[in-house]
Amino acid sequence: MLPRLSFECLHGCSGCEMALLDCGEQLLGLFDRVEIVHFPLLMDHKYQNPLSGASDGEGEIILPEAEIGLVSGGVANTEQLQVARAMRAQCRTLISLGTCATHGGIPALRNQWTSEATLQTVFAYGSPEKALLPGEVPALLDRVYSVDEQVAVDVALPGCPPRPEMMLEVIEALLRRESPDLAHKSVCETCPVIRQGKGQGTMRRFLANADYDPEEPVDQMRCLLEQGLLCMGPVTAGGCGGRETPLCIRARVPCRGCYGPVRPGGNQLLDMMNGLASNGIDYRSLVDRKSLLRFSGGHGLLKPARNRKESN
Amino acid sequence: MPKSQVVSIHPVTRIEGQARVDIHLDESGRVSDARVAISALRGFEQFVIGRPAEEIPRIVSRICGICPWMHHLAAVKAVDGCFGAVPPPTGQLLRELCQVIAHIHDKILHFFFLAAPDFVLGPDGDYSVRNIMGLVRQEPELAARVARMRQLGQAMLARFAGKSIHPVAGVAGGFSKPMLETERRELAADALVLLDFASFALDYAKRSVFSRFREELQSLGAITTGFLGAVDAQGNLRLYDGLLRLMRPDGSWVDFPASDYERHLAEQVEPWSYAKMVYAKSWGEGFSLNPAAPMGVYRVNTLARLNVCDQVATPRAQAELEDFRAQFGRPAQGTLLYHWARLIELVYACERTVELLADERITDPLVRTPAESKAGRGIGHVEAPRGTLIHDYSTDDNGCITRANLIVGTTHNIAPMNLSVRQAAASLICDGEVSESILNRIEMAIRAYDP
Amino acid sequence: MSREAKIIAFCCNWCSYAAADLAGISRLQYPGSIRIIRVMCSGMVHPEMVIHALDKGADGVMIIGCHLGECHYIRGNEMALARAEVIADTLEDLGYESERFRIAWVSSAEPERLAEAFREMSARLASLRETDASPSGIGE
Ligand code: SF4
Ligand code: SF4
Ligand code: SF4
Ligand code: FES
């Protein structure tokens with residue numbers, strides 16, 4: 001019997017799945033050697049058999065057993081929680097795929113507000129006379145969770161999205177029953193720009209392009225951080241460009257940290273601020289520091305501001 | 001079957017988003033209601049607040065990993081508006097180039113990976129086979145070519161702009177890097193390969209797919225609505241910019257700039273879905289999903305764009321549009337015709353890519369005007385694969401977001417999709433008899449909209 | 001509600017830890033809920049250690065080093081001072097009041113100064129708890 005693979009997409013954007021499809025023919029080659037048992041984006045396996053009898057629209061989520069399960073997206077409502085649990089129960093090895101699943105990702109920016117506040121903001125527009133909130137849909141959890149905050153995960157594969165080749169390598173390694181090698185250093189490790197070890201005293205917003213000669217390759221460009229642009233390369237797990245230049249740097253644009261922290265439990269906000277301060281860069285010139293956690297606000301790192309009284 | 005009951009399709013599969021369908025049957029087994037509910041809410045309108053506007057294009061791309069370029073570029077335009085930035089002509093051309101290339105992979109994905117299994121392997125096939133994996137087994141050569149072509153489109157973007165999924169190269173005031181002549185030449189060669197494939201895909205579909213589903217093309221999920229899309233001043237189809245054209249079901253229309261959207265469109269919330277519904281406020285009839293007499297309902301996405309435009313400015317796509325119109329009229333209403341229109345747009349996107357890469361201004365080194373962060377309001381529009389996409393931002397003196405309203409392509413189509421599902425369910429289910437193949441046909445009505 | 005505020009104090013080996021020793025020997029009074037962690041130098045306390053302590057339930061965190069100019073490793077405490085500002089600011093970003101962190105300088109001969117710093121921090125945290133507007137739904 002072929003090894004079975006099961007895919008689920010929770011609180012994410014399907015970008016991880018698109019990256020997987022970007023493997024092109026190589027992916028079709030994989031399809032030959034495994035049996036896909038559940039993959040809502042590509043196949044019609046349902047949570048329940050709709051013909052099994054009268055349903056009230058609720059009900060259990062039934063998933064097939066699989067050797068390898070891949071979950072992209074975080075966990076943000078009751079239905080996604082049910083699906084995450086069902087995946088854990090049915091899959092021998094569970095992979096959290098992409099930064100939403102491993103660290104909360106962009107959707108966890110919502111954690112700076114309460115769920116109520118978000119619902120109010122989102123539904124305040126529309127017709128004012130009927131500013132009602134949806135009630136008959138799966139309730140939001142109090143915040144957006146990474147998958148490992150809710151169920152045990154065996155392999156965490158960050159990236160927004162993860163590098164296509166990396167996904168295949170991990171799946172192939174697991175099929176060979178080896179544990180995939182995911183040790184990484186920071187984004188800067190593979191960045192070829194010129195570093196002189198001396199930065200600017202202040203940071204500027206990315207309102208004008210970096211200073212570089214487009215006719216020259218990237219390795220002739222000065223490090224963006226040293227040019228006074230916020231570049232999160234030093235505090236972000238590397239791998240987006242394989243052994244080559246990180247992807248955003250190829251576009252001459254600074255890194256924003258989409259692979260999450262270098263160490264899985266790290267804190268990109270704290271690490272970046274610490275790095276700036278240690279290098280004598282005025283971190284106060286940064287607008288909106290919380291954006292440094294834009295990919296890793298799960299694990300309770302982003303919370304609503306406390307409404308404390310001004311006392312002393 | 002004396003009791004009323006609800007049959008659910010959960011989740012709707014081979015679509016991009018997360019949705020379920022609930023079909024309500026009354027005591028006599030007749031469809032009394034049917035709804036498509038969008039069950040995920042992500043709150044982008046909330047969490048962009050307070051952030052520097054120039055960062056938003058790299059955040060909102062995560063609304064959708066299938067069409068991240070669309071959100072990226074609508075956001076970039078909205079930020080231009082807030083900051084009063086005017087990109088140099090080449091900045092605009094490079095943005096448009098990336099946008100039309102991004103349409104290419106999306107259409108290949110939707111037609112071949114998501115929708116085609118219903119047509120090629122048959123709507124009544126076994127679910128475990130009726131998918132791309134089944135297609136690989138039955139038509140390995142076609143499948144391999146399709147996978148290669150989709151990958152090629154994505155690789156073109158990655159090669160030129162660094163990231164293809166969740167792009168970063170669109171920036172307030174223009175683009176982050178110019179195009180070198182060597183890059184232009186390589187991309188132009190790839191574009192011709194894609195154009196060839198696009199012509200092949202449309203021929204293939206007309207010959208071996210659509211011809212076998214003449215009846216369904218016109219009848220499955222059929223409803224009568226208005227349409228919304230974008231055209232230039234001469235009435236040509238546009239994807240990157242242009243005026244919005246809102247067409248009534250009778251074929252008459254008004255054109256208006258996207259910045260006037262609030263005068264023409266309004267949003268409505270229903271308790272069974274996290275997606276808001278948009279309707280044509282300017283028709284003055286209000287909004288109703290009553291299947292006998294819907295009000296304010298119009299459609300977006302491929303079929304809508306081909307209905308509202310007077311013509312297409314590239315030759316192959318124009319010839320196909322003429323053929324299409326000769327067969328189905330204007331406006332064409334059949335819901336499954338969305339697929340046909342999608343492949344015509346694929347041809348257009350490839351032709352436009354070739355055209356843009358031949359424009360000598362495309363390699364001009366001036367691609368960005370420095371922007372200045374300040375208070376303002378900006379409304380950015382592009383035509384996404386899934387329809388008219390509008391990002392509307394306001395900023396404070398520091399250039400940080402104070403308010404954001406996003407109308408994404410699928411939102412416009414929620415109301416018509418509900419009508420189509422109801423129509424399909426009512427015509428396919430009689431006496432409470434439901435089968436897997438009936439349920440899949442109902443899903444086919446949804447898939448046509450590519451939600 | 002009336003439990004004493006739990007405080008983690010990172011004390012450097014050369015001055016403040018010695019002062020703490022002396023405070024014990026001299027039987028100086030300071031709150032019993034203080035947990036002292038000895039580090040070689042205040043400059044080696046990474047901000048993540050401070051956040052980690054708070055995440056794990058400490059009410060407050062202190063870094064105590066030698067007087068400026070007297071660090072055994074020459075500039076360790078200057079580094080600590082630069083980081084202290086970052087920590088105070090970042091605490092607010094991460095949802096904690098900046099008052100939960102404090103940096104102080106104590107020489108090995110100043111046990112009374114150390115005890116005073118502990119008492120003051122404890123009092124500050126107690127008043128913070130009283131003025132905390134509401135639990136505001138923060139569960140964990
Ligand atoms: S990690 Fe990125 S690409 Fe993957 S689902 Fe989340 S937002 Fe999308
Ligand atoms: S800071 Fe940015 S530009 Fe500099 S080396 Fe690191 S990734 Fe490259
Ligand atoms: S450079 Fe940074 S933000 Fe860009 S893809 Fe790599 S990790 Fe992500
Ligand atoms: S040794 Fe005491 S602060 Fe450095």
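Tutor: Helices here are DSSP runs of H or I with at least four residues, strands are runs of E with at least two, and both are numbered from the N terminus. By that rule, Ser16(C) belongs to helix 1 of chain C, residues 16-25. The model is predicted, so local features need pLDDT of at least 70 and side-chain atom pairs count only at pLDDT 80 or more, while totals for chains, interfaces and linings use all residues. Residues are numbered from 1 along each chain as its sequence is written, chains are lettered from A in the order in which they are written, and side-chain values use heavy atoms, with hydrogens and water left out.

Student: Why is Ser16(C) called buried?

Tutor: Buried means under 20% relative accessible area, exposed means over 50%, and partly exposed lies in between, with a 1.4 Å probe and protein chains only. Ser16(C) has 0% relative accessibility, and therefore it counts as buried.

Student: What does Ser16(C) touch, leaving out residues up to four places away in sequence?

Tutor: With contact defined as heavy atoms within 4.5 Å, Ser16(C) touches Cys11(C), Ile64(C), Gly65(C), Val106(C) and Leu114(C). Its side chain also reaches the backbone nitrogen of Cys12(C) at 2.9 Å. That is a polar contact, because the term covers a pair of N or O atoms within 3.5 Å, where within protein one must be able to donate a hydrogen and the other to accept it, and residues adjacent in sequence count only if both atoms are side-chain atoms.

Student: Why is His10(B) called buried, and where does it lie?

Tutor: His10(B) lies in the loop between strand 1 (5-9) and strand 2 (19-25) of chain B, and because its relative accessible area is 5%, it falls into the buried class. Leaving aside neighbours within four places in sequence, His10(B) is in contact with Lys46(A), Tyr47(A), Gln48(A), Glu79(A) and Arg20(B). The side chains of His10(B) and Glu79(A) are joined by a polar contact of 3.1 Å.

Student: What makes the pair Asp44(A) and Arg14(B) a salt bridge?

Tutor: The rule asks for a side-chain nitrogen of Lys or Arg within 4 Å of a carboxyl oxygen of Asp or Glu. For Asp44(A) and Arg14(B) the closest N and O atoms are 2.7 Å apart, and the pair forms a salt bridge. Across the interface of chain A and chain B the rule finds 10 salt bridges.

Student: How much area do chain A and chain B bury between them?

Tutor: Buried area is the accessible area, with a 1.4 Å probe, that two parts lose on being put together, summed over both. For chain A and chain B this comes to about 7,900 Å², with 58% of it on carbon and sulfur atoms. In terms of contacts, 86 residues of chain A meet 103 residues of chain B.

Student: How do you know that chain B and chain C do not touch?

Tutor: The nearest C-alpha atoms of chain B and chain C are 13 Å apart, and the two chains do not touch. Among the two pairs of chains that touch, the most contacts are between chains A and B.

Student: What makes strand 6 and strand 7 of chain B a pair?

Tutor: Two strands pair if DSSP finds at least two bridges between them. Strand 6 (226-231) and strand 7 (243-247) of chain B are joined over five bridges in the antiparallel sense.
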